Amino acid sequence: MKLSKRISRISVSQTMAVGEAAGKLREQGVDVVDFGPGEPDFTTPANIRQAGIDAINAGFTKYTPAGGIRELKKAIVEKHARDFGSKFDVSECLVNIGGKHAIFNIFEVIIEEGDDVIIPTPYWVSFADIARFVGGNPIFLHTREDEGFRLTAKMLEQAITPRTRLIVANSPNNPSGAIIDDAEFVKIARLCKERDIYLLDDECYAYFVYDNRKPFSIGAHPEFKSHVIVAGSLSKTYAMTGWRIGYVLAMPQIIQSVMKLQSHSTSNPVSIAQKAALEALTGPQDSVAAMLAEYSKRRKYVLERLRAIPGVRCAEPGGAFYAYPNISAAFKQGIKDTMDFSVKLLERKHVAVVPGEAFGTNEHVRISYATSMEQLDKGLTRLHEFMTTFEQRA
Ligand SMILES: Cc1ncc(COP(=O)(O)O)c(C=O)c1O
């Protein structure tokens, strides 16, 4: 069969492979602890769900403008201004079908065939495949575990070439939880402006910061506006993964280009979900605070438990809801790589994790703590036992 070259450049997300195997075991009645999912275990807050129901009952079920309703764009820029200190106009905002759609469309409108896209590792799987799909070359820049996987301007400076068109910044990071220091982020944006390179600021986890740290957006620095593109999402913050609402904040020319693309591809994000998103952004925020408090508790617990396992190291995740432990001690005992580790952990101890290979590193696995304390306790106990078998053999 003849398919396009574009589609053969990408593959199905590796994060799914272990998840599927875990699903099969569960169907057979096995008690699997799943540390795989990159989505909140909370239900969408009641006021947001109700806004969706109200939208249906009011008949708000028709096409809307391709870039979203004005009320929602206004709510997005106002919330961003309140929380991060930015000053975007409504004309600098557009609503998408989730953050992934926002990122995909941004790549589509700025990447030319042969452009380099710098993607720091570990990275969220889709960045690399989206770059490939649109004809760009993903250039992986390795951040160091012993530096907490933090990205710096100096590292980027060494990686930039005349073909670099875009740098991807994802802070807090999926999968490591690493946060780019605020002052460093400013240096990165300055570098991008000087070299005329776009900086994509993926703020999907922007609110998931701990230890009294304040959420940060480089979008709040107007001096870099010509080169910064913010991709946001309501998926994680409001436990709204299934509603599919994301947004772009950028210069009007970029917004209009994305709008043009949306007008011929997806058209508008679901009308009902837009009304629910409006409630999420303008309604009470106490459920967000409650969810964050719970994640914060779990993060501390997971880190303590992981660090108590012989042979496991874990850099402190400053944000998001993932831990990214180094499990390479198991490689001395017949485990080949992180995929082999994940498969055997699932087979022998019925714990699902995502192998680091999927994120561009080869000594780690990702553990999502978007699951209950009870599941965390059970799964970490099993992981401890699994690692201890290697220690005993050593
Ligand atoms: C780093 C990162 N960016 C963006 C997204 C997109 O999320 P959504 O499309 O649900 O808004 C995700 C989802 O997992 C993510 O991990």
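Predicted model: local features only at pLDDT ≥ 70, side-chain atom pairs only at ≥ 80, totals over all residues.
Biologist: How far is an N or O atom in the side chain of N174 from an oxygen atom of the ligand? And for Y205?

Modeller: For N174 the distance is 2.8 Å. For Y205 it is 3.0 Å.

Biologist: How much of the ligand's accessible area does the protein cover?

Modeller: On its own, the ligand has 390 Å² of accessible area. The protein covers 92% of that.

Biologist: Which pocket does the ligand take up?

Modeller: The largest one. To sit in a pocket, a molecule needs more than half of its atoms within 2 Å of the pocket's grid points.

Biologist: Which residues come nearest to the ligand?

Modeller: G99, D202, S233, S235 and R244, out of 14 residues around it.

Biologist: Which helix gives the largest share of the shell?

Modeller: Helix α5, residues 99–110, with 3 residues.

Biologist: How many residues of the shell are nonpolar, polar and charged?

Modeller: The shell has 4 nonpolar, 6 polar and 4 charged residues. Gly counts as polar here, so G99 falls in that class. D202 and R244 are Asp and Arg, so they count as charged.

Biologist: Where are P172 and P175?

Modeller: P172 is in the loop between β5 (164–170) and α8 (182–195). P175 has its place in the loop between β5 and α8 too.

Biologist: What kind of peptide bond leads from S171 to P172, and what kind joins N174 and P175?

Modeller: The bond from S171 to P172 is cis, with omega near -10°. The bond joining N174 and P175 is also cis, with omega about 20°.

Biologist: How many helices and strands does the protein chain have?

Modeller: It has 13 helices and 12 strands.

Biologist: Why is the chain called as compact as a globular protein of its length?

Modeller: Its radius of gyration is 21 Å, and the globule rule gives 21 Å for 394 residues. The two values are close, so the description holds. Along its principal axes, the C-alpha trace spans about 60 × 55 × 55 Å.

Conventions: Residues numbered from 1 in each chain as written. Heavy atoms only, no water. Near = heavy atom within 4 Å. Polar contact = N/O pair within 3.5 Å; in protein donor to acceptor, adjacent residues only side chain to side chain. Areas by Shrake-Rupley, 256 points an atom, 1.4 Å probe, with all protein chains shown as cover. 1 Å grid on protein atoms, 1.4 Å probe; cavity = no way out; pocket = protein on both sides within 12 Å on 5 of 7 lines; lining within 4 Å. Helix = DSSP H or I, 4+ residues; strand = E, 2+ residues; numbered from the N terminus. Rg over C-alpha atoms; globule rule 2.2 N^0.38 Å.
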